Amino acid sequence: MSDLPPCPQCGSTLSYEDGAMLVCPECAHEWSLAASEAGGEGSGVVDANGAPLADGDSVTVIKDLKIKGSSQVVKVGTKVKNIRLVGGDHDIDCRIDGIGAMKLKSQFVKKA
């Protein structure tokens, strides 16, 4: 039998591994295996490497990100200072020099 932790969102025991992430097939919630081992619920938002993020941290973008409705791109290696964590599908509110206010997903950044 699987020794993977249950889904923190719906409690389903049918979770499975997908790379470094755990996935719930019932509610489609994804969470980091490192976060579930470190304490699971309440551990907060983690970056692409599983490091916990907090308000005021600096992060680096790990993938070129196209901006919807614009021809601009946030390039790999762009440093973002003083992030703010928020709820919803995009975890990070920030301001990027030369672009302006943005919402980012934590899976596309690493802690600097």
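This is a predicted model: local features need pLDDT of at least 70, side-chain atom pairs count only at pLDDT 80 or more; totals for chains, interfaces and linings use all residues.
Residues are numbered from 1 along each chain as its sequence is written, and side-chain values use heavy atoms, with hydrogens and water left out.

Reader: How do you know how many disulfides there are?

Author: A disulfide is a pair of cysteine sulfur atoms within 2.5 Å, and by this rule the count comes to 0. Cys10 is in no disulfide, since the nearest cysteine sulfur, that of Cys24, lies 3.5 Å away. Cys27 is likewise in no disulfide, with the nearest cysteine sulfur, that of Cys7, at 3.6 Å.

Reader: Why is Cys10 called partly exposed?

Author: Buried means under 20% relative accessible area, exposed means over 50%, and partly exposed lies in between (1.4 Å probe, protein chains only). Cys10 has 40% relative accessibility, and therefore counts as partly exposed.

Reader: What makes Cys27 partly exposed?

Author: Cys27 has a relative accessible area of 31%, so the term partly exposed applies to Cys27 as well.

Reader: How many of the residues in the protein are buried?

Author: Of the 112 residues in the protein, 29% are buried.

Reader: Which helices and strands does the protein have?

Author: Helices (H or I, at least four residues) and strands (E, at least two) are DSSP runs, numbered from the N terminus, and the protein has 1 helix and 11 strands. From the N terminus on, the order is β-β-β-α-β-β-β-β-β-β-β-β.
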